[in-house]
Amino acid sequence: ATYCSIYSTLSGPYDLETRIKAAIEEVASIFFLDGICIFIRKSDDTFHLRYSHGFSDNVCFLTRVADSQSKVMQVARSGEMAVVQDLSLVDGKGIEVLQDEGMASAVYIPIADKEGNTFGVVRAASRETNHFEANELRSLELIANRIGVAIENSLLEQDIKQQANFQAKLISSSNDGIVATDAEGKVVIFNPAAESIFGYRGDVVVHNMAARQILPPPVMEAF
């Protein structure tokens, strides 16, 4: 039931930002976490804080970019989860910031893409030492993987939309008349140059007329 609820949130109809924020808030509530956040890799391979719940603005500001020697970056490089059951026993960049926030234990979970490359790190913390049990860690790891799938799918969708928009601009700006049809011969693309050549408006032709109604017989034979 826990997984279903969170997975449902991540697969919802809202934008990625809203889904991730709702999901990590739900995770914090279910696992009694006092803070949870996600760092995402940038093009320069630095990891920036992107989503956060429970941590103060001060923590978010001080750790907005993961230090090269921080636990976040160690996990990003190793691709392995790191658990710190007592923060007072560990030194490192960012650990003091969590302690100042009153956190006593933390877990760092890598988020990898389909090729196994780490592009994000989940940092979850509690004000209790030894907060993270084995079963809980396995659950958090599964959830982190699902968050990774949601982020990766969203990025893929953005790439597809950008490519489609670029293609549409090329077709629209072409000086050549471009006409494309579906499998049944109905026109699905009719650019401005085609409007000038054939004398029809695009909004009249697209999805309403068949190519044979517009194109001369010699051209139709080429189809």
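Me: Which residues lie nearest the centre of the largest pocket?

Reply: This is a predicted model. Its largest pocket has a volume of about 320 Å³. The lining of this pocket is made up of 16 residues. Nearest the centre are L16, I151, S154, L155 and Q158.

Me: Which element gives the most to the lining of the largest pocket?

Reply: Two or more lining residues come from each of α2 (16–30), β1 (35–41), β2 (47–53) and α6 (134–173). The top contribution is seven residues, and the element that gives them is α6.

Me: How many charged residues does the lining of the largest pocket have?

Reply: Sorted by class, this lining has six nonpolar and two polar residues. The charged residues in the lining come to eight.

Me: Which elements give two or more residues to the lining of the second largest pocket?

Reply: The second largest pocket holds about 180 Å³ of space and is lined by 15 residues, with T63, D67, S70, K93 and G94 nearest its centre. Elements that supply two or more residues to this lining are α4 (71–78) and α5 (95–100).

Me: How many disulfides are there?

Reply: A disulfide needs two cysteine sulfur atoms within 2.5 Å. For C37, the nearest cysteine sulfur belongs to C60 and is 6.8 Å away, and C37 is in no disulfide. For the model, the count of disulfides is zero.

Me: Is C37 buried or exposed?

Reply: Buried means under 20% relative accessible area. C37 has 0% relative accessibility, so C37 counts as buried.

Technical notes. Residues numbered from 1 in each chain as written. Predicted model: local features only at pLDDT ≥ 70, side-chain atom pairs only at ≥ 80, totals over all residues. Heavy atoms only, no water. 1 Å grid on protein atoms, 1.4 Å probe; cavity = no way out; pocket = protein on both sides within 12 Å on 5 of 7 lines; lining within 4 Å. Points joined across faces, edges and corners; volume = space filled by probe spheres on them. Helix = DSSP H or I, 4+ residues; strand = E, 2+ residues; numbered from the N terminus. Nonpolar A, V, L, I, M, F, W, Y, C, P; charged D, E, K, R; others polar. Buried < 20%, exposed > 50% of the residue type's maximum accessible area, 1.4 Å probe, protein only.
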